[in-house]
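Here is a report on a single protein model and the ligands placed in it. Please read it with the structure open.

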Amino acid sequence: MTPHWDSLWTNVRLATMDPEIDSGYGTIEDGALAISNGRIAWLGPANERPDITPDQQHDGQGGWITPGLIDCHTHLVFAGNRCHEFALRQQGASYQQIAEQGGGIRGTVQATRASSEQQLFERASQHLQPFLDEGVTSIEIKSGYGLETETELRMLRVARRLAQERPITVHTSFLGAHALPEEFEGRADAYIDHVCAEMMTAVAAEELADSVDMFCERIGFSLAQCERVIQSANQYGLPIRIHAEQLSNLRASHLAADHHALSVDHLEHLDESGIMALARADTVATLLPGAFYFLRETQLPPIELLRRHGVKMAVGSDFNPGSSPQASLRLSMQMAANLFGLSPQEVLAGVTRNAAQALGLNQQIGQLRRGLQADLLLWEIDDPAELVWHYGLHRPRQIIKEGQDVSGR
Ligand code: DI6
Ligand code: FE
């Protein structure tokens with residue numbers, strides 16, 4: 001049977017992000033790329049292209065094709081706003097102090113509980129649009145602003161519906177263990193029982209979560225409490241990820257590594273023993289420079305040690321109303337370079353290949369590779385580093401999602 005191509009791009013340079021090509025962008029100069037049935041059917045140097053006539057041919061005019069961007073850490077579904085809290089922080093209150101006084105996450109929980117599924121969906125669609133416009137083709141979305149069964153389910157249903165109605169792959173994480181709700185004040189263990197038994201059972205019954213997340217922190221939950229959440233996730237066969245070592249070091253990375261977590265996220269207070277554990281488990285270290293910036297943190301995540309031990313680094317936006325209210329992965333990419341010192345190659349790997357691994361989707365997305373989902377972006381740039389250097393200048397000329405041109409949607 002002669003192979004059939006739906007579409008073909010020529011006169012392009014490819015940043016494949018394939019580590020088997022090279023350890024940088026996986027560059028193919030003067031390349032070509034063909035799509036068939038929503039997958040990458042062929043790619044390589046133009047002069048090696050098989051003689052197949054595609055249904056559609058595109059002239060890339062010397063631009064670059066990259067994989068679609070992947071934001072592997074967001075809290076995109078929420079209601080209300082936290083401007084008041086921002087003002088308190090301007091006057092010197094810390095994020096932790098506000099949380100301890102019953103503000104912070106709890107404020108968003110109140111507003112989210114009071115919103116219908118339709119209201120949450122409309123707001124979340126607005127939140128999603130800027131990510132779509134800048135070339136994000138896959139996104140992780142957490143629950144965690146319900147902290148009771150019905151609202152957690154509503155948030156996750158909204159995330160699933162976004163995947164159905166918008167051109168994006170959505171990975172959902174159940175984050176019941178995000179904060180202690182008011183009605184459980186002083187009874188954190190009882191709340192964790194509730195998360196593990198009732199809430200997770202309901203989430204699993206509707207198949208609403210692709211992974212389980214938790215906030216291991218003094219203002220969140222202890223190691224022992226997180227371990228119980230993990231055991232429960234294991235029972236449902238759900239992979240885990242942990243908000244770890246963000247404000248202090250509770251050794252959550254060790255716990256994550258022991259349980260083969262997909263990712264640990266934030267990591268400003270991570271130490272070398274934690275890094276070695278992550279390296280052994282091949283758990284992805286997700287860096288969230290937006291939260292570092294917005295909370296005016298001074299403790300940097302240990303980038304050089306992560307590099308030295310070969311831990312894979314991803315970069316996420318952490319888009320949320322409290323610690324990272326900027327709806328842009330592209331801005332987070334610039335921050336990862338400028339604030340954390342990642343190279344442009346590391347940043348791009350962090351929002352493609354490594355972000356895909358953080359979602360357990362590295363056999364589907366994250367690289368330009370034959371057989372993978374055809375999620376790709378065509379950029380009018382001379383160097384992929386421009387995507388990290390500039391913020392707010394380049395929009396993809398074409399956005400292809402599973403083989404379909406979804407530019408402008
Ligand atoms: N760490 C964070 O940065 C977000 N959640 C978390 O566990 C912040 C969530 C919020 O403040 O609303
Ligand atoms: Fe977060």
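**Basis.** The model is predicted: local features need pLDDT of at least 70, side-chain atom pairs count only at pLDDT 80 or more, and totals for chains, interfaces and linings use all residues. Residues are numbered from 1 along each chain as its sequence is written, chains are lettered from A and ligands numbered from 1 in the order written, and side-chain values use heavy atoms, without hydrogens and water.

**The iron site.** His 73 (NE2), His 75 (NE2), His 243 (NE2) and Asp 318 (OD) coordinate the iron ion (ligand 2), at 2.1 to 2.3 Å. Donors are N, O and S atoms within 2.8 Å of the metal (3.2 Å for Na, K and Ca); water is not among the atoms, so sites may look incomplete. Along the chain, the donors are spaced H-x1-H-x167-H-x74-D. His 75 sits in the loop between strand E6 (69-71) and helix H1 (83-90), and Asp 318 in the loop between strand E13 (313-315) and helix H12 (329-338), so the pair ties together parts 243 residues apart in sequence. Helices (H or I, at least four residues) and strands (E, at least two) are DSSP runs, numbered from the N terminus.

The angles among the 4 donor atoms run from 80 to 169 degrees, and the site is irregular. Four donors count as tetrahedral if all angles lie between 85 and 135 degrees; four count as square planar and six as octahedral if opposite donors are over 155 degrees apart and all others between 65 and 115; anything else is irregular.

Both ends of the pair are covered. His 75 is buried at 2% relative accessible area, and Asp 318 is buried at 1%. Buried means under 20% relative accessible area, exposed over 50%, and partly exposed in between (1.4 Å probe, protein chains only).

**Ligand 1.** Ligand 1 is surrounded by 14 residues; the closest are Arg 82, Tyr 95, Tyr 145, His 178 and Ser 323. A residue counts as near if one of its heavy atoms lies within 4 Å.

| Side chain | Ligand 1 atom | Distance |
|---|---|---|
| Tyr 95 | oxygen | 2.5 Å |
| His 178 | nitrogen | 2.8 Å |
| His 266 | oxygen | 3.4 Å |

The protein covers 100% of the 320 Å² of accessible area that ligand 1 has on its own. Accessible areas come from the Shrake-Rupley method with a 1.4 Å probe; for residues, only the protein chains shown count as cover.

**Cysteines.** The disulfide count is 0. A disulfide is a pair of cysteine sulfur atoms within 2.5 Å. For Cys 216, the closest cysteine sulfur is in Cys 226, at 3.9 Å, too far for a bond. Cys 216 is buried at 0% relative accessibility, whereas Cys 83 is exposed at 55%.

**Loops.** Gln 61 lies in the loop between strand E4 (56-59) and strand E5 (64-67). Its phi is positive, near 50 degrees, in a residue other than glycine. Gln 61 is exposed at 59%.

Arg 296 is in the loop between H10 and H11. Arg 296 also has a positive phi, about 50 degrees, although it is not a glycine. Arg 296 is exposed at 51%. Leu 300 is in the loop between helix H10 (289-294) and helix H11 (303-308). Leu 300 is partly exposed at 42%.

Terms used. A polar contact is a pair of N or O atoms within 3.5 Å; within protein, one must be able to donate a hydrogen and the other to accept it, and residues adjacent in sequence count only if both atoms are side-chain atoms.
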